[in-house]
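Work through the following exercises with the model at hand. Each task is followed by a solution in steps.

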Amino acid sequence: MGRTIRRAEATECRRCLTYCDRVIAPATCVAARCPSLYTYDDPVSGRRYMGCAHEVFATEIDVALFEEAERGRGYGTLKLAREPLARCAFGVERAHERQAGDAFRCTNRRFADFPDTAPGSLRAFDLRHGLSAA
């Protein structure tokens, strides 16, 4: 149970009514020739699928449908399933645009930053944590 909560905190923010999610466009993974992107051919259907070996996005995508979508308006984005890797070009998508009132004011402005818990991340220096005597 605790593991699910930590992953949700890494991929979504529900501190205010804006409701933000970290998302990634698989097209950016393809364009960057990400080494974590894999493809396989399904022997039953004969279709080719692609996915992320590190499960940054958890779904496997039909390559033919992906390419067809990319020729049009684009495939779009997927919600992150876990913390992104350092090479991942993720973004933040808001469920609601800001409206008047304190309830929709962002209380987690660092959510768009690279998460501290992600592989290869650097912890942010914050004076509120105090200085330790070395």
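**Exercise 1.** List the residues that I61 touches, not counting residues up to four places away in sequence.

Solution. Contact means heavy atoms within 4.5 Å. By this cut-off I61 touches P26, R48, Y49, M50, F66, Y75 and L78, with residues up to four places away in sequence left out. The model is predicted: local features need pLDDT of at least 70, side-chain atom pairs count only at pLDDT 80 or more, and totals for chains, interfaces and linings use all residues. Residues are numbered from 1 along each chain as its sequence is written, and side-chain values use heavy atoms, without hydrogens and water.

**Exercise 2.** Classify the ring pair of F66 and Y75, and state how accessible each residue is.

Solution. Rings of Phe, Tyr and Trp (its six-membered ring) pair if their centres lie within 6.5 Å; planes under 30 degrees apart are stacked, over 60 edge-to-face, the rest tilted. The count comes to 3 aromatic pairs. The ring centres of F66 and Y75 are 5.3 Å apart and the planes stand at 55 degrees, so this pair is tilted. Next, accessibility (relative area, 1.4 Å probe, protein chains only: buried under 20%, exposed over 50%, partly exposed in between). F66, at 5%, is buried; Y75, at 30%, is partly exposed.

**Exercise 3.** Which residues form one aromatic cluster?

Solution. The cluster consists of Y38, Y40 and Y49.

**Exercise 4.** Over which ring does the charged end of R22 sit?

Solution. The criterion is NZ of Lys or CZ of Arg within 6 Å of the ring centre and within 35 degrees of the ring normal. R22 has its charged end over the ring of F111, 4.1 Å from the centre. R14 lies over the face of Y19, 5.1 Å from the ring centre.
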